[in-house]
Amino acid sequence: MSQPEMQPEGVPSEGQGAGAGGGGGGGGQRLGDLTGRAFPLGDWGEPAERLDELYRWVERGALETAEWYLTDRGWKRRGARLMRAGTALGAVGTGVLPLLDLAGAVSGVATWGFVSLLAGAACVGCDRFFGLTSGWMRDVATAQAVQRRLQTLQFDWASESVREVLGPTEGTAGEAAERCLGVLRKFSEDVTELVRAETSDWMVEFRAGPVPLVMQAMVVPGGPPREAHAVPGRFPLPPGARPNMPRQRPPEPR
């Protein structure tokens, strides 16, 4: 079966990616938020064709998800580079302008060094507040993780196809179809988990204060929240003191 070519910077021609919404908005070419897709309905009278259709549907969703993150990182990359350039210029101006005034090359520019310092600090603050650099890194990391997982799926699917063609097959045709569906389902769950993890990182970045982070640490993904059980303690002993053991009564004589 032919595999779609993975273009690192293109925009998919149809539909949206699968999964939950990712971090941040954007400009330029935007695909909107990542939304769920309708499961393709078909006739299972031809299982091979049906499985091939499902594979193409899953693969296309993964490609669109990776494209979404690669497109989303574009405006963040430009903004992050602009803020970093402003920070560098502000730092240079802070040191150069007073020196020029002190050397007599340009008079009256020493006070502009404070303005340059303020501009550089403002660029750093904007980068942190809007999450430009961190969002750029998250988008790149998530897109690469999806593409890496997609390559694994492609080889696993090729292995299953070769096993069925060359034979002898393991088990019945129903077991083979169930095995293929399991591969596709696990891949879809992995991609959804990658998107969920990126969205959680984006949400944590904008949370203020340590309380939400502590509450999040007490929640295990896929499990019930952990509760802190109070352990009854004893009064602390003074330094050098030994704990008193309860005395036991001697056995009564018979």
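## Overall architecture

The protein chain contains five helices and zero strands. Read along the sequence, these elements give the pattern α-α-α-α-α. Of the 254 residues in the chain, 27% count as buried.

Contacts across the sequence can also be examined.

## Confidence of the prediction

The mean pLDDT of the protein chain is 74, and 67% of its residues reach 70 or more. Among the elements of the chain, helix α2 (residues 112-130) has the highest mean pLDDT, at 90, while helix α5 (residues 210-217) has the lowest, at 40.

## Helix α1 against helix α2

Two packed helices are described by the angle between their axes and the distance between the axes. For α1 and α2, the axes come within 7 Å and cross at roughly 160 degrees. Angles over 145 degrees count as roughly antiparallel, and therefore α1 is roughly antiparallel to α2. The crossing in which α1 passes α2 is left-handed.

Which residues of α1 and α2 meet? On the α1 side they are M83, G86, T87, L89, G90, G93, T94 and L97. Their counterparts in α2 are W112, G113, S116, L117, G120, C123, V124, C126 and D127.

## Helix α1 against helix α4

The axes of helix α1 (residues 47-103) and α4 come within 11 Å and cross at roughly 15 degrees. Angles under 35 degrees count as roughly parallel, so α1 is roughly parallel to α4. The crossing of α1 and α4 is left-handed. From α1, the contact is made by L51, L54, Y55, V58, A62, T65 and Y69. From α4, the contributing residues are A177, C180, L181, L184, F187, S188, V191, V195 and E198.

P47 is located in helix α1. Because its relative accessibility is 40%, P47 counts as partly exposed. The C-alpha atoms of P47 and A173 are separated by 9.1 Å, although these residues are 126 residues apart along the chain.

## Helix α4 in detail

Helix α4 covers residues 173-205, a total of 33 residues. How does the expected span of this helix compare with the distance between its end C-alpha atoms, and what follows? At 1.5 Å a residue, α4 should span 48 Å, and its end C-alpha atoms are 49 Å apart, which agrees.

The buried residues of α4 are A176, A177, C180, V183, L184, F187, V191, V195, E198, T199 and S200.

E160 is found in helix α3 (residues 132-166). Is E160 buried or exposed? Its relative accessibility is 8%, so E160 counts as buried. Leaving aside residues up to four places away in sequence, E160 touches R179 and C180.

Note on methods. Residues numbered from 1 in each chain as written. Predicted model: local features only at pLDDT ≥ 70, side-chain atom pairs only at ≥ 80, totals over all residues. Heavy atoms only, no water. Helix = DSSP H or I, 4+ residues; strand = E, 2+ residues; numbered from the N terminus. Buried < 20%, exposed > 50% of the residue type's maximum accessible area, 1.4 Å probe, protein only. Contact = heavy atoms within 4.5 Å. pLDDT = per-residue confidence, 0-100. Expected span 1.5 Å × (residues − 1). Axes fitted to C-alpha atoms, helices over the stretch in contact; angles between N-to-C directions. Parallel < 35°, antiparallel > 145°, perpendicular 65-115°, else oblique. Left-handed = near helix turned anticlockwise from the far one by under 90°.
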